[in-house]
Amino acid sequence: MNASPAMPVDVVCAVIRRGEQILLAQRPPGKRLAGLWEFPGGKVDAGEAPEEALHRELMEELGCEVEVLQAGPPVLHEYDWGWIRLFPFVCVLSPGSAEPHPHEHTELIWVFQKNLERPDLAPADVPVVHWLCNPA
Ligand SMILES: Nc1nc2c([nH]c(=O)n2[C@@H]2O[C@H](COP(=O)(O)OP(=O)(O)OP(=O)(O)O)[C@@H](O)[C@H]2O)c(=O)[nH]1
C-alpha cells in the first residue's frame, strides 16, 4: 500500500441499513485488521468509479445488490502500512436482492446504530460512525 496522504489507497464501504439496523462484517483471520468489524466494501480498482467498486465488492463479498441513498464524507486514515481514503455510502438492499452472505468475512451481524461505537471496529470506520450518529 502507498504511504503518502497525497496518494492514499481508495477504499469504498457500504453502510447498509435495514430499518434501524446496519450491517457489520468481521474481517477474517490472516488479513490486516483480522477479527475487527468493518462495513463491507474494498479497494477501488484503477479506472473504476467509487460507486462501481461498491457494487462489485458487495456482489463479490456478500452476493447482494444495493441502492445507494447517500455518499458520506471521505475519511483519510493512516495505518502502519499506509494511508487509505475511505468513501462511505449509505445504502439499502435493492428490492429482490439476495440476502447478504459472508463469502469472505468470518461473520455478518446487524446492529443498531447506537451500538456501532465499539472498540473492535476498524479504526478508519470510527469517523464514519461519528458522521452517522451526528449528521450535520
Ligand atoms: N472493506 C473495508 N475496508 C476497510 C474498512 N475500514 C478500513 O480501515 N478498511 C481497510 O481498507 C483496506 C482495503 O480493504 P480490502 O477489504 O480490499 O482489503 P483486503 O485486506 O481484503 O486486501 P489486502 O489484504 O490486499 O489489503 C483494508 O486494509 C481494510 O482494513 C471498511 O469499513 N471496509
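Biologist: Which residues of the largest nonpolar core touch the most other members?
Modeller: In this predicted model, the largest nonpolar core holds 28 residues, and Val12, Ala14, Val15, Ile16, Leu86 and Phe89 touch the most other members.

Biologist: Which elements give two or more residues to this core?
Modeller: Strand S1 (9–18), strand S2 (21–26), helix H1 (50–62) and strand S7 (82–93) do. The largest share, 6 residues, comes from S1. As a general matter, nonpolar side chains tend to be buried together in soluble globular proteins.

Biologist: Take alanine 14, then. What does alanine 14 touch, not counting residues up to four places away in sequence?
Modeller: Alanine 14 touches Phe39, Pro40, Gly41, Leu54, Leu58, Val66, Phe89 and Cys91. Of these, Phe89 is itself among the core residues that touch the most other members.

Biologist: Now leucine 24. Where is it placed, and is leucine 24 buried or exposed?
Modeller: Leucine 24 lies in strand S2. Leucine 24 is buried, because 25 other C-beta atoms lie within 10 Å and the cut-off for buried is 20 or more.

Biologist: Which residues is leucine 24 in contact with, leaving aside its neighbours within four places in sequence?
Modeller: Leucine 24 is in contact with Trp37, Phe39, Ile109 and Val111.

Biologist: Let me follow up on valine 111. Where is valine 111 placed, and what does valine 111 touch?
Modeller: Valine 111 is in strand S8 (residues 108–112). Not counting residues up to four places away in sequence, valine 111 touches Gln21, Ile22, Leu24 and Leu116. Valine 111 and leucine 23 are 88 residues apart in sequence, yet 6.4 Å apart in space, C-alpha to C-alpha.

Biologist: Why does valine 111 count as partly exposed?
Modeller: Valine 111 has 14 other C-beta atoms within 10 Å, so it counts as partly exposed; that class lies between 12 or fewer for exposed and 20 or more for buried.

Biologist: Changing topic: what is the phi of leucine 33?
Modeller: Phi of leucine 33 is near 60 degrees, a positive value in a residue other than glycine. Leucine 33 is found in the loop between S2 and strand S3 (37–38). With 16 C-beta neighbours inside 10 Å, leucine 33 counts as partly exposed.

Biologist: And the ligand. Which residues come nearest?
Modeller: There are 15 residues around the ligand, and Glu38, Gly41, Gly42, Ala122 and Ala124 come nearest. The elements that give two or more residues to this shell are S1, strand S4 (41–43) and S7. The largest share, 3 residues, comes from S4.

Biologist: How many residues of that shell are nonpolar, polar and charged?
Modeller: The shell divides into 8 nonpolar, 2 polar and 5 charged residues.

Biologist: What pattern does the protein chain follow along the sequence?
Modeller: The pattern is β-β-β-β-α-β-β-β-β-α, from 2 helices and 8 strands. Among contacts with a separation of 6 or more, 70% join residues 24 or more positions apart.

Biologist: What radius of gyration does the protein chain have?
Modeller: The protein chain has 14 Å, which agrees with the value near 14 Å for a compact globule of 136 residues. The C-alpha atoms fill a box of roughly 40 × 35 × 30 Å, taken along the principal axes. Of the 136 residues, 28% count as buried.

Biologist: Finally, what are the confidence scores?
Modeller: The mean pLDDT of the protein chain is 96, and 98% of its residues reach 70 or more. The model scores ipTM 0.92 and pTM 0.95.

Key
Residues numbered from 1 in each chain as written. Predicted model: local features only at pLDDT ≥ 70, side-chain atom pairs only at ≥ 80, totals over all residues. Near = placed C-beta within 6 Å. Helix = DSSP H or I, 4+ residues; strand = E, 2+ residues; numbered from the N terminus. Nonpolar A, V, L, I, M, F, W, Y, C, P; charged D, E, K, R; others polar. Core = buried A, V, L, I, M, F, W, Y, C linked by C-beta atoms within 7 Å. Contact = placed C-beta atoms within 7 Å. pLDDT = per-residue confidence, 0-100. Rg over C-alpha atoms; globule rule 2.2 N^0.38 Å.
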